[in-house]
Structures are given as structure tokens and as C-alpha cells.
Amino acid sequence: TEELLRNTEKLVFAGQVAVSIAHEIRNPLTTVKGMLQLAGRETKPLHYGMMMSELERMNLIVSEFMILGKPQAVRFREERCLPILQEVLGIFEIQATMNGIVIRRDFVRDLPIRCDRNQIKQALLNLLKNAMEALPYGGEIEIRLDEVDGCQRIRIADDGEGMTEEVLRRLGEPFHTTRPDGNGLGFMIVRRIVDAHRGRIAIRSEKGSGTAVEIFLPIGSGPADEGDRFA
Ligand code: ADP
């Protein structure tokens, strides 16, 4: 199943609603956490630990949404992907080795694109994390950089567990996750970032054999031509 994904108005609106809810939840959450810490001694250690970790989980979801909604300075610069990718790979290297994952690098072309470095880093991080999570018993991740139709293509493919049609269809839908520790926000963020760069995403996935995600980012002129802005 191959699918081209595009952001929809609906998703943008849902995102905005979610961001305002996240905002409202944050303060009471902090209060509850503080109170629980105070009550810590009177609570059974097991219960305390469970409550704290669940609160932590809520906190994480809330902060991810806050990041999404916060006006962040977006700085589009002419930049190549490889150095950004290397940074991200550095983060995962040890974990990959420990999990028996081989990362194959196939860097054919690395052309300058107009991009926000932090956003691209975030997108690559989320995609690599997903690829790693799809390989709980080890395997291979292939990363390819090349040029396709005036775009820098970044391809991240794993021979992991793959997705069912339903999971693939719902990919990018907030909170839709199959991972026990997931929050189903990772891909939505990737999609947002690629949209902000006027790029596109192509995914191919098959249950049991693996997943390939490709992002295409326009080479040369891009959003930066409008000057720095807030998104
Ligand atoms: P999360 O990783 O928190 O679950 P994502 O939005 O990144 O959130 O992913 C949503 C779901 O899509 C995952 O739970 C997983 O089921 C599926 N998925 C994403 N990437 C892959 C991949 N490379 N291989 C298999 N399944 C994937």
C-alpha cells in the first residue's frame, strides 16, 4: 500500500483545539503532581510510583502539544541534511547497536535546501525512533539521501514489523498509537514539519516486512524567500 499524505484543514483545526486543551490541563496537572509529592510518605510506594509515572506521561503529552502550539522562531536557512542527520544518528547509535540494529547509510546526494534546522532534526528524530521501535528484535534500517525531481529525498526504511492498512491509514492522527509507551504524536509532527517546508511524504508499509518513509524537500528556493517568520 502506497500513500501520499497531505495535511488537512480538519487536522489543523483538531491540532489547535488540542493545543488549547493542553494549555488548560497543564496548571492543574502541576498542582496534582506537587500535592502527590507532598503526600508521598503516606502513600503506598507502589501506588505512588504508578501515580507519578502516569502523571509524568500526561505531562509529556501536554508538553508535546505545547511545543506544537507555541509560536517558535522558525529560521529558514540554506542547509544540507547530512550534518543534521549525523547529529540524529549520534543519538541513536548506542541504542541501535544494543538492539542489534544495523544502520545502512546510502548517501548519494546531499543538496542544500531552505530549511529550519531544528524542525528537520525533530522530523528525522521521530522517523528514526519509529524505525527503531519497529525492530524490537533487531534488523536493518536504511537511510538514503538522494535527489528526485528537484527535491532532496530522505528515505528511512526499516525491515521491521510494518503496519496494517488501518494503522497506515490512521498514521498522523493524534493519539493513534500501537506502542505501549507511544503517544501517537510523532508522525503528526513530522507531517507538520514537512508541510511547513512545502515538501511531501510518501510511505510504503507492509505488515511483517517493513516500512519505508520518504520525505521530499524542495531544493533551493523555499519558504525562506519570504523572510523569517513565526509558525
Ligand atoms: P508513536 O510512535 O508515539 O506511536 P507515531 O505517530 O510516530 O506515534 O506513530 C503512530 C503509529 O504508527 C505507531 O504506534 C506505529 O504503530 C506506527 N508506525 C509508525 N512508524 C512505523 C514504522 N516505521 N514501522 C511500523 N509501524 C510504525
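Two strands pair if DSSP finds at least two bridges between them. Helices (H or I, at least four residues) and strands (E, at least two) are DSSP runs, numbered from the N terminus. The model is predicted: local features need pLDDT of at least 70, side-chain atom pairs count only at pLDDT 80 or more, and totals for chains, interfaces and linings use all residues. Residue numbers start from 1 along each chain as its sequence is written.

**Exercise 1.** Find which strands pair with β7, and state how they run.

Solution. 
Step 1. Strand β6 (residues 139-148) pairs with β7 in the antiparallel sense, over eight bridges. Glu147 has Gln152 of β7 as its bridge partner.
Step 2. The hairpin of β6 and β7 has two residues between the strands, and Asp149 there takes a positive phi near 50°.
Step 3. Strand β9 (residues 210-218) is also antiparallel to β7, and eight bridges join them.
Step 4. Strand β7 (residues 151-158) has six of its eight residues buried. A residue is buried if 20 or more other C-beta atoms, placed from the backbone, lie within 10 Å of its own; it is exposed if 12 or fewer do, and partly exposed in between. In the protein, buried residues make up 25% of the 231 residues.

**Exercise 2.** Describe how α3 and α4 pack.

Solution. 
Step 1. Two packed helices are described by the angle between their axes and the distance between the axes. Axes are lines fitted to C-alpha atoms, for helices over the stretch in contact, and angles run from 0 to 180 degrees between N-to-C directions.
Step 2. Helix α3 (residues 81-98) and helix α4 (residues 117-133) pack at about 35°, with axes 9 Å apart.
Step 3. Residues making the contact include Leu85, Val88 and Phe92 of α3 and Ile120, Leu124 and Leu128 of α4. Residues are in contact if their C-beta atoms, placed from the backbone, lie within 7 Å.

**Exercise 3.** Decide whether α6 is largely enclosed or open, and say what α6 supplies to the ligand shell.

Solution. 
Step 1. In helix α6 (residues 186-196), eight of the eleven residues are buried, so the helix is largely enclosed by the rest of the structure. Among them are Phe187, Met188 and Ile193.
Step 2. Just after α6, Arg198 takes a positive phi of about 55°.
Step 3. The ligand is surrounded by 23 residues, the closest being Asn130, Ala134, Thr177, Gly182 and Gly186; a residue counts as near if its C-beta atom, placed from the backbone, lies within 6 Å.
Step 4. α4 and α6 each supply at least two residues of this shell.

How values were computed: Contact = placed C-beta atoms within 7 Å.
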